[in-house]
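Please read the numbered points with the sequence and the coordinates at hand.

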Amino acid sequence: MTTPLYPLPTAITCAALTIVAAFSTLAVASFGQFRVLGPAIAVSVLVMLLGSLTLMPAVLAVAGRKMFWPSRALARVPREGVAARTGSLVARRPLALVLAAVALLGALAAGTAGMRVDYGQSGPGGERTASAVTAAEIARALPAGVSDPTSVFVTASDGGALTAVRLGGLSRALASVGGVGQVAPTVLSQDRRAARIDLFPTADPHGQEARDLVSGPVRDTVAAHRPDGTEAHVGGTAAVFSDIASAVDKDLKVVFPVAAALIALILFLLLRSLLAPVVLMLAVGLGFAATLGSSTLVFQHAAGRPGVDFSLPLVLFLFVVALGTDYNILITDRIREEMDRPGPARAAVARAVRHTAPAIATAGLVLALSFGSLAASQGSATQQIGFATGLGILLSAFVLSVVLVPALAALLGRSLWWPVRQRPGAGHLVPGAGSHRETERVVAG
């Protein structure tokens, strides 16, 4: 059987543009780490796209079949393999496979229940490090925040001098805040124009309780009790991560909908359908939730971490959604091309899976192994990103693109392209691709 030709460059271009669009949205992020990461990845993908559309075809044209030496697979008709059997199964049992895939992804997604976000800096096994042991020893006799205090910085804006007496009211007010175990004596600068007041919270300075304390009662107290003619700011690790948490929460509310809208627009332009992009976006969204739930189950519940790293939801959304959409674009565009030929819609789905699944599976394995290798890192954040991204890509390639999306296409048939009514024509039948009777045999298995 000869594989029919279809506009692969268009699908590849749209697939690359989904990644570019997703990561370009990070340019509007307020958190600097995200703002730098996004455009850099977007430019890299554009360079790779240019190479795949120009350099790679030129190399293949020059090398010809020698490019695949020593394989002789091109000289003979390939036997039916796993991809062909999978395509036949999808065509024969689409409802059962949809239910199985949704049940699996839904069970994993349930892991997001009770998910916490961790802004701490401890690595794996951090409770056994020398610094953690030292902090634990100190905390037995002194407030936990002694090892990493929260500092209030006061400057004189009226030109006057600062004194311990002038700042006494602020110190006493801070000492009365619940959660503050001790307030250190005020430290004045040499010119008495600036001062520092250190607070020792009773909670772990890297934990959520300390961040809530700093962002709420401490800052409120400083604003209410700072002396007239002064400016005051709260600093320290807890304050820094409190600000990061606020910035990340804000970025998630902006990046998620903007990236999803851009990806949906690209899908609409490629597939020329309203229903198909909705189906793909829902499938990818379920895959994202399943990946995030799996990471929560592994790291928060099983490994006992305080929560998932604060950067994980956004990184996962961009990588899993963008790359998962890429694989879905390849399989869906092929399904559309196959359905444009005469014959049953389910047989078209079977052919699409047979011809496209090997490429998707290979790409998914290579990328998942590449990202998964990060799980061997000693850093907790890198471990989580490596594990979650690798798992998300595997789910996208093998569950979404090879099973769920084709099974949904088999159930919906040509109505998947609503509101466009697809009418298969004999003019699109490629010689050697098989007859109508043969496609019926594919569905029948």
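Predicted model: local features only at pLDDT ≥ 70, side-chain atom pairs only at ≥ 80, totals over all residues.

**Notes on the structure**

1. Helix 9, which covers residues 237-271, packs with helix 11, residues 312-339, at an angle of about 10°, and their axes are 11 Å apart. Because angles under 35 degrees count as roughly parallel, helix 9 is roughly parallel to helix 11.

2. Helix 9 contributes Leu252, Val255, Phe256, Ala259, Ala260, Ile263, Leu267, Leu270 and Leu271. Sorted by class, the contact of helix 9 with helix 11 has 15 nonpolar residues, two polar ones and two charged ones.

3. Some overall values place this pair in context. The protein has 14 helices and seven strands. Of its 445 residues, 44% are buried. The accessible surface comes to about 21,400 Å², and carbon and sulfur atoms hold 65% of that surface. Among contacts with a separation of 6 or more, 78% are between residues 24 or more positions apart.

4. Which residues have the most contacts inside the largest nonpolar core? They are Leu318, Ile335 and Val349, in a core of 87 residues. Helix 11 supplies the largest share of this core, with 16 residues. Apart from this core lies another one, of 23 residues, which includes Val154, Leu167, Val177 and Leu213.

5. Val349 deserves a separate look. With neighbours within four places in sequence left aside, Val349 is in contact with Val90, Ile335, Met339, Pro406, Ala409 and Ala410. One of these partners, Ile335, is also listed with Val349 among the residues with the most contacts inside the largest core.

6. Cys14 lies in helix 1, residues 8-24. Is this residue buried or exposed? Cys14 has a relative accessible area of 13%, and it is buried because that value is under 20%. Leaving aside neighbours within four places in sequence, Cys14 is in contact with Ile266, Leu270 and Ile329. Leu270 is 256 residues from Cys14 along the chain, yet their C-alpha atoms are separated by 7.0 Å.

7. Apart from neighbours within four places in sequence, Ala247 is in contact with Ser30 and Phe31. The C-alpha atoms of Ala247 and Ala29 are 8.2 Å apart in space, although these residues are 218 apart in sequence.

8. Two further helix residues are partly exposed rather than buried. Ser215, in helix 8 (residues 208-225), has a relative accessible area of 34% and is partly exposed. Met56 is part of helix 3, residues 55-63. With a relative accessible area of 40%, Met56 is partly exposed. When residues up to four places away in sequence are not counted, Met56 touches Gly51 and Met67.

9. Two arginines call for a check of the backbone. Arg192 is not a glycine, but its phi is positive, at about 60°. This residue lies in the loop between strand 4 (187-188) and strand 5 (194-201). Arg192 counts as partly exposed because its relative accessibility is 40%, which falls between the limits of 20% and 50%. Arg272 likewise has a positive phi, near 55°, in a residue other than glycine. Arg272 is found in the loop between helix 9 and helix 10 (275-302).

Technical notes
Residues numbered from 1 in each chain as written. Heavy atoms only, no water. Helix = DSSP H or I, 4+ residues; strand = E, 2+ residues; numbered from the N terminus. Buried < 20%, exposed > 50% of the residue type's maximum accessible area, 1.4 Å probe, protein only. Contact = heavy atoms within 4.5 Å. Areas by Shrake-Rupley, 256 points an atom, 1.4 Å probe, with all protein chains shown as cover. Axes fitted to C-alpha atoms, helices over the stretch in contact; angles between N-to-C directions. Parallel < 35°, antiparallel > 145°, perpendicular 65-115°, else oblique. Nonpolar A, V, L, I, M, F, W, Y, C, P; charged D, E, K, R; others polar. Core = buried A, V, L, I, M, F, W, Y, C linked by side-chain atoms within 4.5 Å.
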